[in-house]
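Please keep the sequence and the model in view while reading.

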Amino acid sequence: EKTVNNTSFDTDKRSTADGMQNLFSTKQFIATAYLLREIFAMTGPLSRILQSVNIDFGKALNLLDSALEQLHELRDNPQKIINSV
């Protein structure tokens, strides 16, 4: 918003900023961002443990099973995301 209203930026940059601002305000963008936030919350712990130097494979397998279960629940219940958004 600051870039759009700041005349010290050239017209192309201001126009690009305005387009991005309009895009970021759409329901589809917000819903997608929320969905990705949910997915990363589910897969984040697994990702971190898989990248660790001293990996505990038992814990990694448990986190994998948990993440898969959560992702299946999310896939089977899309209304949960729609209601949250």
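Which residue caps the N-terminal end of α4? The cap is D56, with a side-chain oxygen lying 3.1 Å from the backbone nitrogen of G58. Such a polar contact is a pair of N or O atoms within 3.5 Å; within protein, one must be able to donate a hydrogen and the other to accept it, and residues adjacent in sequence count only if both atoms are side-chain atoms. The model is predicted: local features need pLDDT of at least 70 and side-chain atom pairs pLDDT 80 or more, whereas totals for chains, interfaces and linings use all residues. Residues are numbered from 1 along each chain as its sequence is written, and side-chain values use heavy atoms, without hydrogens or water.

Helix α4 comprises residues 57–76. Helices here are DSSP runs of H or I with at least four residues, strands are runs of E with at least two, and both are numbered from the N terminus. The expected span of a helix is 1.5 Å times one less than its number of residues. For the 20 residues of α4 this gives 28 Å, and the end C-alpha atoms are 28 Å apart, which agrees.

The buried residues of α4 are A60, A67 and L74. They cover an arc of only 50° around the axis, so they lie on the same side of α4; the arc is that of the directions from the helix axis to the C-beta atoms. An α-helix has 3.6 residues a turn, so residues three or four places apart point the same way. The cover over the buried residues of α4 includes α3 (27–50) and α5 (78–84). On the other side of α4, L61, N62, E69 and D76 are exposed. Buried means under 20% relative accessible area, exposed over 50%, and partly exposed in between, with a 1.4 Å probe and protein chains only. L61 has 52% relative accessibility and therefore counts as exposed. Between L61 and L46, which are 15 residues apart in sequence, the C-alpha to C-alpha distance is 8.7 Å.

The loop between α3 and α4 contains I55. Its relative accessibility is 25%, so I55 counts as partly exposed. Apart from neighbours within four places in sequence, I55 is in contact (heavy atoms within 4.5 Å) with I49, L50 and A60. A60 is also one of the buried residues of α4.

Attention now turns to an earlier part of the chain. Helix α2 (residues 11–24) has 14 residues and reaches 20 Å from its first C-alpha to its last, close to the 20 Å expected. At the start of α2, a side-chain oxygen of D10 comes to within 3.1 Å of the backbone nitrogen of D12.

Rings of Phe, Tyr and Trp (its six-membered ring) pair if their centres lie within 6.5 Å; planes under 30 degrees apart count as stacked, over 60 as edge-to-face and the rest as tilted. By this rule the count is 1 aromatic pair. F24 and F29 form it, tilted, at 4.7 Å centre to centre with 40° between the planes. F24 counts as partly exposed because its relative accessibility is 40%, and F29 is partly exposed at 34%.

The protein chain as a whole has 5 helices and 0 strands. Its C-alpha trace spans about 60 × 35 × 15 Å along the principal axes. The radius of gyration, taken over C-alpha atoms, is compared with a globule rule of 2.2 Å times the number of residues to the power 0.38. A compact globule of 85 residues would have a value near 12 Å, but the protein chain has 19 Å. Of the 85 residues, 14% count as buried.
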